[in-house]
Amino acid sequence: PLVAVTTRTLDQLEADLTRLLRAAQPNRQLTEMADDGSPKIPSLVAVFLINRVGASVGRPKLVDLSKVNKVDLRSMGGVARLVHRTLHPVPAGPLAS
């Protein structure tokens, strides 16, 4: 499911990550929802998903987990946003005067 991860929209990426998790752990229930409305996941699962994305794009250390907002590691949506921001950084614009 991570074939074209770098070209996916945020919603597509979240769906891809959900499919990846369901394939890896078919018995995992994703019924409890986080505050952002996406399935709640343990942070260890979030790290697994981030590592799988990193491996698929050839960047084993996709993100520096020590600099990640821990809330992003508690939901499928949070992981998708984190990965999407990492793969699609917003270029810095000119500073306002």
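Asp 64 has a relative accessibility of 40% and so counts as partly exposed, a class that lies between buried (under 20% relative accessible area) and exposed (over 50%), computed with a 1.4 Å probe on protein chains only. Its salt-bridge partner is Lys 67, with 4.0 Å between the closest N and O atoms; Lys 67 counts as exposed at 70%. A salt bridge here is a side-chain nitrogen of Lys or Arg within 4 Å of a carboxyl oxygen of Asp or Glu. Salt bridges that share partners also join Arg 8, Asp 16 and Arg 19 into one network.

A word on the ground rules: this is a predicted model, where local features need pLDDT of at least 70, side-chain atom pairs count only at pLDDT 80 or more, and totals for chains, interfaces and linings use all residues. Residues are numbered from 1 along each chain as its sequence is written, and side-chain values use heavy atoms, leaving out hydrogens and water.

The whole structure holds six salt bridges, including these:

| Pair | N to O distance |
|---|---|
| Asp 16 and Arg 19 | 2.4 Å |
| Arg 81 and Asp 36 | 2.9 Å |
| Lys 67 and Asp 64 | 4.0 Å |

Arg 81 and Asp 36 form a salt bridge that links distant parts of the chain, 45 residues apart: Arg 81 sits in helix 3 (residues 76-87), Asp 36 in the loop between helix 1 and helix 2 (43-56). Helices are DSSP runs (H or I, at least four residues) numbered from the N terminus. Asp 16 and Arg 19, by contrast, both belong to helix 1 (residues 10-24), three residues apart, about one turn of the helix. Asp 16 is buried at 1%, while Arg 19 is partly exposed at 43%.

Conventions:
Helices (H or I, at least four residues) and strands (E, at least two) are DSSP runs, numbered from the N terminus.
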